[in-house]
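Please keep the sequence and the model in view while reading the numbered points.

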Amino acid sequence: MSDKKPKKAAAEGGAIHCKVKGCKANPSKFEFCQEHFDQFKFGLINKQGEPCLDFEKKEEQYQHWKSAKKKSA
Ligand SMILES: [Zn+2]
């Protein structure tokens, strides 16, 4: 058994951008930008940055939650 590590790992491990596909924002937490971290917390996307099965349903709730958050801030 050998446990050679692929050379690419280093390049892929250090995220420069938010890990959500197509998002170029700087990562803030857990390799997500602020916006996508909120979406991750809310359960809209999984930790791979992929949308959940009920993304559309949850997105509506998320928008409500976000506007409520804005008001209180
Ligand atoms: Zn993002």
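Predicted model: local features only at pLDDT ≥ 70, side-chain atom pairs only at ≥ 80, totals over all residues.

1. Helices (DSSP runs of H or I, at least four residues) and strands (DSSP runs of E, at least two residues) are numbered from the N terminus. By this rule the protein has 3 helices and 0 strands, and its pattern along the sequence reads α-α-α.

2. Residues are numbered from 1 along each chain as its sequence is written, and side-chain values use heavy atoms, with hydrogens and water left out.

3. On exposure, a residue is called buried under 20% relative accessible area, exposed over 50%, and partly exposed in between (1.4 Å probe, protein chains only). Of the 73 residues in the protein, 19% are buried. The protein exposes about 6200 Å², and carbon and sulfur atoms supply 55% of that area. Accessible areas come from the Shrake-Rupley method with a 1.4 Å probe; for residues, only the protein chains shown count as cover.

4. Which residues of α2 are buried? They are His36, Phe37, Asp38 and Gln39, and the buried residues of α2 pack against α3. A contact here means heavy atoms within 4.5 Å. Among the contacts in the protein with a separation of 6 or more, 15% are between residues 24 or more positions apart. Just after α2, Gly43 takes a positive phi of about 90°.

5. The zinc ion deserves attention. Its protein donors are Cys18 (SG), Cys23 (SG), Cys33 (SG) and His36 (ND1), which lie 1.9 to 2.3 Å from the ion. Donors are N, O and S atoms within 2.8 Å of the metal (3.2 Å for Na, K and Ca); water is not among the atoms, so sites may look incomplete. Along the chain, the donors of the zinc ion follow the spacing C-x4-C-x9-C-x2-H. Cys18 lies in the loop between α1 (9-13) and α2, whereas His36 lies in helix α2, so this pair ties together parts that are 18 residues apart in sequence. Cys18 is buried at 5% relative accessibility, and His36 is buried at 13%.

6. What geometry does the site of the zinc ion have? The site is tetrahedral, with angles of 105 to 114° among its 4 donor atoms. Four donors count as tetrahedral if all angles lie between 85 and 135 degrees.

7. The structure holds 3 salt bridges, a salt bridge being a side-chain nitrogen of Lys or Arg within 4 Å of a carboxyl oxygen of Asp or Glu. One of them joins Glu35 and Lys66, whose closest N and O atoms are 3.1 Å apart. This pair links distant parts of the chain, 31 residues apart: Glu35 is in helix α2 (residues 34-42) and Lys66 in helix α3 (residues 55-72). Glu35 is partly exposed, with a relative accessible area of 31%, and Lys66 is partly exposed at 24%.

8. Asp38, Lys41 and Lys69 are linked in a network of salt bridges. Asp38 pairs with Lys41 at 3.7 Å, N to O. These two residues are 3 residues apart in helix α2 and are therefore separated by about one helical turn. As a general point, an α-helix has 3.6 residues a turn, so residues three or four places apart point the same way. The side chains of Lys69 and Asp38 also form a salt bridge, at 3.4 Å, N to O. Because Lys69 lies in helix α3 and Asp38 in helix α2, this pair ties together parts that are 31 residues apart in sequence.

9. Lys41 is exposed at 54%, and Lys69 is partly exposed at 38%.

10. Finally, where is Cys52 found? Cys52 is in the loop between α2 and α3 and is partly exposed, with a relative accessible area of 25%. Apart from its neighbours within four places in sequence, Cys52 is in contact with Gly43, Leu44, Ile45 and Asn46. The C-alpha atoms of Cys52 and Phe40 are separated by 9.7 Å, the two residues being 12 residues apart along the chain.

Note on methods:
Tetrahedral: all angles 85-135°; square planar, octahedral: opposite > 155°, others 65-115°.
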